[in-house]
Amino acid sequence: ITGCGTDPADPAGEAVGPADPAVAAAETARRAPSARVVEVELVARESTVDLGGTKVRTWSYGGTVPGAEIRVKAGDVLKVRLVNELPAETTVHWHGLALRNDMDGVPHLNQDAVPPGGEFHYEFTVPDAGTHWFHPHVGAQLDRGLYAPLIVEDPANPGDHDVEAVLVLDDWLDDIDGRDPDTQLATLKEGMDMAGHEGMTMFGSDLLGGDAGDVDHPLFVINGRTTADPFTVNAKPGQQVLLRLINAGADTAFRFAVAGHEFTVVATDGYPVEPVTTDALLIGMGERYDVVLTAGKGAFPIVAVAEGKEKRAAAILRTAPGRADVTAGLPELIGRPTTVDELTTPASHRLAEREPDVTHEVLLGGDMASYRWTINGAQHPDVPPLTVHEGQRARLVVKNATTMFHPMHLHGHTFQIAGKAGPLRKDTLLVLPGQEFALDVDAVNPGQWMIHCHNLYHGEAGMMATFSYL
Ligand code: C2O
Ligand code: CU
């Protein structure tokens, strides 16, 4: 018994399972009879939020930014009653979960958008442990305050850290300098005023601040706090601290470091990686990384520098009294940060060795001047679907033929980066200008799924396609 209707006259909804028999069978197979049921109410509404010295009028889940974390265990059934008090239609996409297709939150593809005043009952088995998150899949809503962590614990592998914190990185535009994301998106699509922007396009950012840096937008935040009043992670000296990092930014890749500390990357997008210890890590939009460090004694800036924008978001790691200067330069940030090139999924979590049955080119095109972002030369919805048959392995050869960063995200599946020394499983991958990756995907979750650039503005300006499971 799954799902509920959206009819406001019948808020309890007539319970219905997935209409598609293949989707229904996959969901039944996933669900353990003994599964715990976790129920959550999620109210999307207009709210005033204090970002640490800056108050903004925005849209949020429940009045806070980020919204309240949802925490479940792998195998649980999650039931979320979404109440839409926004002045616009909305949905929720559960970023990183291989869930039942009709709960994936893409309007027209997976469900009808939920009208203002309406509600929708999401219900699905949560199959995948790891650091995930959720956000709407409608227009530019993600670039308001509508996002929150979805942490799925692995009952078989709780980890051996002492302290855990979730850090959500974001570039904040809404209600700064009279801006809002929907207007920004419309302006970009109409054709951008390129003055002052050409020289900056290599940095992977479209929405730069004022020309002389005098207009302070976007703001950069960690857990909804600017550097003026940073979020603090409290620990004791010597403790093992797990930081779950989520980049919720619409338009910003971050270079992450912790002053005075190395850290060890232990997972990405819900998959463990062979541990790599580093000073700094590059995190694309939509990507997640779990890192572990041994806390020193003192107060240490945690810094996420916005690539190409020369500004930063910050938090503090505190194990003793004292001041942390979150604006100071960090030696950890000098030099090349760790990227996916250094990371490998352990053998236990890799796809089986196998040749692909079907290969699709995924050529990423477009430029800032036209603001047409394309896949294989076309803009969504005109991009031919990337098709695959049940049980097949598809190889997606993703090439970035532009000068911008494109964090590519696949719904409902993970891919494995092939053709490099160590295979790496992910669901979101930052593809830098000129880069090419071969991504192997096993068609194991029936339905129609989005694959798109998680630069929100690129995705909404055409860089989206369907991964179509036939
Ligand atoms: Cu987090 Cu289709 O997106
Ligand atoms: Cu992009």
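Reply: Contact here means heavy atoms within 4.5 Å. This is a predicted model, in which local features need pLDDT of at least 70, side-chain atom pairs count only at pLDDT 80 or more, and totals for chains, interfaces and linings use all residues. Residues are numbered from 1 along each chain as its sequence is written, chains are lettered from A and ligands numbered from 1 in the order in which they are written, and side-chain values use heavy atoms, with hydrogens and water left out.

Me: Leaving aside neighbours within four places in sequence, which residues is Trp94 in contact with?

Reply: With those neighbours set aside, the contacts of Trp94 include Ile70, Leu78, Val80 and Leu99.

Me: Which residues touch the most other members of the largest nonpolar core?

Reply: A nonpolar core is a set of buried Ala, Val, Leu, Ile, Met, Phe, Trp, Tyr and Cys residues joined through side-chain atoms within 4.5 Å. Buried means under 20% relative accessible area, exposed over 50%, and partly exposed in between, with a 1.4 Å probe and protein chains only. The largest core holds 116 residues, and those touching the most other members are Leu78, Trp94, Leu243, Phe256 and Phe467.

Me: How far apart do the C-alpha centres of domain 1 and domain 2 lie?

Reply: Domain bounds come from an automatic or database domain assignment, which for this chain gives domain 1 (21-153), domain 2 (163-338) and domain 3 (347-469). The C-alpha centres of domain 1 and domain 2 lie 23 Å apart. Their contact takes 28 residues from domain 1 and, from domain 2, 33 residues.

Me: Why does the largest pocket lie between domain 1 and domain 2?

Reply: On a 1 Å grid over the protein atoms alone, a cavity is a set of points where a 1.4 Å probe fits but cannot get out, a pocket is an open set with protein on both sides within 12 Å along at least five of seven lines, and lining residues have an atom within 4 Å of a point. Grid points are joined across faces, edges and corners, and a volume is the space filled by probe spheres set on the points; for the largest pocket this space is about 680 Å³. The pocket lies between the two domains because both give residues to its lining, namely domain 1 (21-153) and domain 2 (163-338).

Me: Which residues lie nearest the centre of the largest pocket?

Reply: Strand S15 gives the most to the lining of this pocket, with four residues. The lining divides into 12 nonpolar, six polar and eight charged residues, where Ala, Val, Leu, Ile, Met, Phe, Trp, Tyr, Cys and Pro count as nonpolar, Asp, Glu, Lys and Arg as charged, and the others, Gly among them, as polar. Of the 26 lining residues, those nearest the centre are Asn157, Gly159, Val266, Ala267 and Asp290.

Me: Which residues lie nearest the centre of the second largest pocket?

Reply: About 410 Å³ of space lies in the second largest pocket, and its lining draws at least three residues from each of domain 1 (21-153) and domain 3 (347-469). The largest share of that lining, three residues, comes from S30. Among its 23 lining residues, the nearest to the centre are Val106, Pro107, His108, His380 and Met464.

Me: Which residues are closest to the centre of the largest cavity?

Reply: The count comes to two cavities of 30 Å³ or more, and the largest cavity has about 100 Å³ of space. Of the 14 residues lining the largest cavity, the closest to its centre are His137, Leu142, His452, Leu456 and Glu460.

Me: Is Phe254 buried or exposed?

Reply: Phe254 has its place in strand S13 (residues 254-258), and its C-alpha atom is separated by 6.6 Å from that of Gly284, 30 residues apart along the chain. Because its relative accessible area is 0%, Phe254 is buried.

Technical notes:
Helix = DSSP H or I, 4+ residues; strand = E, 2+ residues; numbered from the N terminus.
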